[in-house]
Amino acid sequence: MFIIAGLGNPSKKYEGTRHNAGFEVIDRISEKYNISVDTKKHLALTGKGIIENQKVLLVKPQTYMNLSGESIRSAMDFYKADAAGELIVIYDDVALAPGQLRIREKGSAGGHNGMKNIIACLGTQEFTRIRVGVGEKPDGYDLADYVLGHFTRAEREQMEEGYDRAADAVRLILSGDTGAAMSIYNRKVE
């Protein structure tokens with residue numbers, strides 16, 4: 001069972017914010033593969049389905065960003081999933097241009113509090129992650145205010161394309177070709 005977790009904050013107030021890029025990608029995957037993500041389990045909204053002949057659990061933690069690891073750990077333990085081979089975490093990154101992707105099979109939290117909590121709860125950095133660029137914070141902005149803010153219309157268009165590319169990258173990863181996903185989607189978007 002692959003656990004595919006998109007990070008974000010629950011409630012209407014955070015819909016469409018930069019910090020909810022992971023939720024947006026899960027919604028895109030949910031639509032594309034007709035997987036309802038409405039079961040409340042593992043401190044999350046979850047949905048089971050099949051993608052590329054793989055059983056998957058789509059997860060949108062409802063713990064708020066900084067405690068995302070509690071939800072993911074619960075799902076991982078329940079399904080006895082292996083982080084290195086069966087976990088994909090999708091989240092926002094202010095170091096990348098809007099809609100730009102960066103896929104890695106392991107790595108540090110890079111200052112992202114949700115990822116710090118996941119790494120602490122799982123006790124490992126070895127799991128696949130898809131970072132979705134939300135644009136660099138302008139000078140003078142508070143980082144928390146920036147990531148909890150909304151996109152401009154132009155950024156929103158770039159993000160929509162990024163969400164589609166992230167959903168396609170998940171499909172490639174599930175088919176066993178993470179290397180191809182990295183080769184295709186880690187390129188700079190023009």
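Helices (H or I, at least four residues) and strands (E, at least two) are DSSP runs, numbered from the N terminus.

**View 1. The whole fold of a predicted model.** Along the sequence, the order of elements reads β-α-β-β-β-α-α-β-β-α-β-α-α-α. The radius of gyration (taken over C-alpha atoms; the globule rule is 2.2 Å times the number of residues to the power 0.38) is 15 Å, close to the 16 Å that the rule gives for 190 residues, so the protein is as compact as a globular protein of that length. The C-alpha trace spans about 45 × 30 × 30 Å along its principal axes.

In this predicted model, local features need pLDDT of at least 70 and side-chain atom pairs count only at pLDDT 80 or more, while totals for chains, interfaces and linings use all residues. Residues are numbered from 1 along each chain as its sequence is written, and side-chain values use heavy atoms, with hydrogens and water left out.

**View 2. Helix 4 and its cover.** Let's look inside: helix 4 covers residues 113–122, and its buried residues (under 20% relative accessible area, 1.4 Å probe, protein chains only) are Gly114, Met115, Asn117, Ile118, Ile119 and Leu122. Their cover, judged by contact (heavy atoms within 4.5 Å), includes helix 2 (68–79), helix 3 (83–86), strand 5 (87–93) and strand 7 (128–133).

**View 3. The residue just after helix 4.** Here Gly123 takes a positive phi of about 70°.

View 4. Among contacts with a separation of 6 or more, 68% join residues 24 or more positions apart.

Key. Buried means under 20% relative accessible area, exposed over 50%, partly exposed in between (1.4 Å probe, protein chains only).
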